[in-house]
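Dear colleague,

Please find below the structure that I am handing over to you. My findings follow directly after it, and I would be grateful if you would read them with the coordinates open.

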Amino acid sequence: MNADQLLLEGVRVLEMGQYISAPSAARALADLGATIIKVENPLTGGDPTRWMRGGETDWSPQYASWNRGKKSVALDVKSEEGRRALHTLVGTCDVLLDNVRPGVLDRLGLGPEELKAINPGLIHCTITGFGPTGPMADQPGYDSVISARSGLYSEMTLKGSTPAGPLFSDLLTGMRAVQLISAALVHRERTGKGCRLDVPMLGTVTDFMGEAVAQVTAGTHTGESHARQARVGMLACTAADGKSFILNIGERPETFELLKEIFEANGALDDSRFATFNDRVNNHIEFNAAVNRLTVLRDRDEWMKRCAEGKLPASPMQTLAEAIEDEQAKHLGLVEETRVDTDRTIRLASPGFLVNGKPATGQGVPPNLGADTRAELEAVGVPAGDVAAIEATIAAAGIDKRVEARRALAAPTR
């Protein structure tokens, strides 16, 4: 652990989140040193991502990715003792982070006024799909739904093709939540006041596409999936060995000249359709095809060597498996190994940033469901009788049997 990265040490965050958006935000806060208390429902098996396919540990790779370094408190918040314990936890935390549907917290006695009474300095950050009000406020906001409705998929995929790629809407919203929570903590330090933060996924993703939105409103958006690539001078290339790579020559004339030199154009690109940057944007498909008639003459490694020597922006199109074994990724420590127990380790993405020149590392392993229930509840003064009742609920839910079944299954990663 890099002690320099613990910029939020001492900050307590109560997470009422599942799936990706809120858990990813809480994990990022944990990587910065915050204490994350994740409330999970033992009657449903906790966060649904725990039981997704893959891995030989007590939780799936998906759960491990977004929940390392947290404490798990198992509560049936519909029970009287569970609800009382939840209220007590809220009173001891700096931040409440959730992605429950609008109205759920009100039914638990944690509406805005109740939260203010319990903890006047609380920063409450709630993530929803479509925001707290409006015609779609009560609709579920899954990543794919938001990516489709926001127009993000149309910017990323060819018309009629199946969308693919990471969970952009979930993860972008998680990052926006971290940004806002961090700002709110600074504000509270200065003023002593807490605040409520509403982070609609739809709003976050729309802002993420700000450049494309501006193109639409200016009437210059073509609707073509390669439009932005054309505007920045990106080229998709194939080498003699069939391997793919990309070039990004931008708008500078000298970079276009460097491209012609490295790829030995010998007049092949001296075409009026490619004379200026705007010409190359307007004739992007033809320009890309002309460059590919040059790139197929040598293997990719040779082109990558020449581009690196000439400082022409270029990269091989790597699979994720190749990318995490890349020499620069290894140099930055972008994948780290963490010991689960005496026999098992897991490899997860590291936080990927440096503080004072030192690479940040992940803050421990993901928690087993309910592993920290007694310790955390006793620490905040929950009565012994309530703790006993809560533990009885956990036992009745059969968490141990779930974990044993998962270990026996050892489902292959997909």
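The side chains of Glu-15 and Lys-38 are joined by a polar contact of 2.5 Å in this predicted model. A second polar contact, of 2.6 Å, links the side chain of Glu-15 with that of Lys-70. Glu-15 belongs to strand β1 and has a relative accessible area of 0%, so it counts as buried.

How many of the five residues of β1 are buried? Five of the five are, so the strand is largely enclosed by the rest of the structure. Arg-12, Leu-14 and Met-16 point one way from β1, while Val-13 and Glu-15 point the other way.

Strand β1 pairs with two others. Four bridges join β1 to β2, and these strands run parallel; the bridge partner of Leu-14 in β2 is Ile-37. β1 also pairs with β4 in the parallel sense, over four bridges, and here Leu-14 stands opposite Leu-96. Together with helix α1 (residues 21-31), β1 and β2 make a right-handed β-α-β unit.

These strands are part of an open sheet of six, in the order β3-β2-β1-β4-β5-β6, with parallel pairing. The edge strands are β3 (71-74) and β6 (195-200), each of which pairs on one side only. From one strand to the next, the twist averages 20°. Thr-126 stands opposite Asp-198 in β6.

Two helices may be considered with the sheet. Helix α3 (residues 80-92) packs on the sheet and touches β1 (12-16), β2 (35-40) and β3; the direction of α3 makes about 145° with that of β1. Helix α8 (residues 168-191) lies across β4 (95-98), β5 and β6, and runs at about 165° to β6.

Leu-115, in helix α5 (residues 112-118), may also be of interest to you. With a relative accessible area of 5%, Leu-115 is buried. Setting aside residues up to four places away in sequence, Leu-115 touches Val-90, Leu-96, Leu-110, Pro-120, Leu-122 and His-124. Val-90 is 25 residues from Leu-115 along the chain, yet their C-alpha atoms are separated by 7.9 Å.

Finally, I turn to the cysteines. The count of disulfides comes to zero. Cys-125 is in no disulfide, and the nearest cysteine sulfur, that of Cys-195, is 8.8 Å away. As to accessibility, Cys-125 counts as buried, at 0% relative accessibility, while Cys-195 is partly exposed, with a relative accessible area of 26%.

With kind regards

Note on methods: Residues numbered from 1 in each chain as written. Predicted model: local features only at pLDDT ≥ 70, side-chain atom pairs only at ≥ 80, totals over all residues. Heavy atoms only, no water. Pairing = 2+ DSSP bridges. Axes fitted to C-alpha atoms, helices over the stretch in contact; angles between N-to-C directions. Contact = heavy atoms within 4.5 Å. Buried < 20%, exposed > 50% of the residue type's maximum accessible area, 1.4 Å probe, protein only. Right-handed = clockwise from strand over helix to strand, strands pointing away. Disulfide = S-S within 2.5 Å. Polar contact = N/O pair within 3.5 Å; in protein donor to acceptor, adjacent residues only side chain to side chain.
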